[in-house]
Amino acid sequence: MYKYLGQCFSDFKQRGFVVGYDTRGQVTSMCSSFRLARLTAAVLLAKGVPVYLFSRYVPTPFVPYAVQQLRAVAGVMITASHNRKEDNGYKVYWENGAQITSPHDKEILKCIEECVEPWNDSWNENLVDCSPLTRDPLQNISASYMEDLKKICYHRELNAKTPLKFVHTSFHGVGHDYVQLAFQAFGFQPPIPVPEQKDPDPDFSTVKCPNPEEGESVLELSLRLAEKEGARVVVATDPDADRLAVAERQEIGRWKVFTGNELAALFGWWMFTCWKENRPKEADVKNVYMLATTVSSKILRAIALKEGFNFEETLPGFKWIGSRVKDLVDSGKEVLFAFEESI
């Protein structure tokens, strides 16, 4: 990756690179996310590249956000997301904050195949602690991220008064502290955490699969706690906190677990409603966009036809959404919401 980024960016050694990681363990193989993140940083530090290495585990969205905020050329998140405990891997983000697409993915793979032997100092984790090029973005990025969240909160006073209770599970991953901060940014009381799943546990000891898409089968502890506490809404994030599941207790006492398409319909409708209520007089609805992938619901297209804003489809995958959103924003368009049916 160092080799390819050096070919793409003449200012690579001025702008730097972002590295984040989750809480996966892999004790026997010594391939914990923490260690892999330090080794990733060491490779780049040994070549004179500034590295923004988070000093603590973070949600995956912090990495692309940091890439853009810090104007880094790229970033990686060490994570296997919601996959089984034996796995690990990484997600690569380009300077636009979107995951890499072709030709970057193919060219990076080509460079990997050309550099099969580790360089000197590639295994020197101590570089992270002693190099003047190591920087910790955690405090600034976390604060900035939460401030930006406030920009899409339109009813903080109402939120502060609501009797509505929420339960949150982080599935033994990184999400607990950051979801607490996000609820605070919106003025809500903090959600009630599922105690058995609140703290990081690389073995995911209370679930067979840490994937919120599995529905009620993995939400059992959350739903049971919600009933005990009188909470109406359950929110679940996957281990690296870039997927979301929501369940609501219905009037008849049963739980409704929303699909990704259903959540998108609600979020899209709400964002456009808030835009209409708060837009400046000169704002033009023809400058507003929403996006979805081709495999997702067409509900936003129907709303767009009714309301007059623009709707676009991309290829499946968040990387295509992110790339197109950045292009639209850079051209002066206002993107209110984008989604894929995978929650």
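This tour goes through a predicted model one selection at a time.

Residues are numbered from 1 along each chain as its sequence is written. Because the model is predicted, local features need pLDDT of at least 70 and side-chain atom pairs count only at pLDDT 80 or more, while totals for chains, interfaces and linings use all residues; side-chain values use heavy atoms, with hydrogens and water left out.

**Stop 1: the cores**

Select Leu5, Phe12, Phe17, Val19, Val51 and Leu53. These belong to the largest nonpolar core, of 28 residues, and touch the most other members. A nonpolar core is a set of buried Ala, Val, Leu, Ile, Met, Phe, Trp, Tyr and Cys residues joined through side-chain atoms within 4.5 Å. Buried means under 20% relative accessible area, exposed over 50%, and partly exposed in between (1.4 Å probe, protein chains only).

Next, color the elements that give two or more residues to this core: helices H1 (2–8), H3 (33–45), H5 (104–114) and H6 (127–130), with strands S1 (17–21), S2 (51–53), S3 (74–78) and S4 (90–94). H3 gives the most, four residues. Helices (H or I, at least four residues) and strands (E, at least two) are DSSP runs, numbered from the N terminus.

Apart from this core lies another, of 18 residues; Phe62, Met77, Met146 and Tyr178 are among them.

**Stop 2: Val58**

Select Val58, in the loop between S2 and H4. Val58 counts as buried, at 0% relative accessibility. Leaving aside residues up to four places away in sequence, Val58 touches Gly20, Tyr21, Met77, Leu138, Val174 and Tyr178; contact means heavy atoms within 4.5 Å.

**Stop 3: H4 and H7**

Show helix H4 (residues 62–69) with helix H7 (residues 138–150). They pack at an angle of about 95 degrees, with their axes 11 Å apart. Axes are lines fitted to C-alpha atoms, for helices over the stretch in contact, and angles run from 0 to 180 degrees between N-to-C directions. H4 and H7 are therefore roughly perpendicular to each other (under 35 degrees counts as roughly parallel, over 145 as roughly antiparallel, 65 to 115 as roughly perpendicular and the rest as oblique).

For the contact, select Phe62, Tyr65, Ala66 and Gln69 of H4 and Ile141, Ser142, Ser144, Tyr145, Met146 and Asp148 of H7.

**Stop 4: backbone exceptions**

Most residues other than glycine have a negative phi, and most peptide bonds are trans. Go to Ser81, in the loop between S3 and S4. Ser81 is not a glycine, yet has a positive phi of about 55 degrees; Ser81 is also buried, with a relative accessible area of 7%.

Then select Phe171, in the loop between S6 and helix H9 (175–185). Its phi is near 50 degrees, again positive in a residue other than glycine. Phe171 counts as buried, at 0% relative accessibility.

Move to Pro103, in the loop between S4 and H5. The peptide bond from Ser102 to Pro103 is cis, with omega near 10 degrees.

**Stop 5: H10**

Finish at helix H10 (residues 220–229), where Leu221, Ser222, Leu223, Leu225 and Ala226 are buried. Their cover includes strands S6 (166–169), S7 (192–193), S8 (233–237), S9 (244–249) and S10 (255–257). Just after H10, Gly230 takes a positive phi of about 70 degrees.
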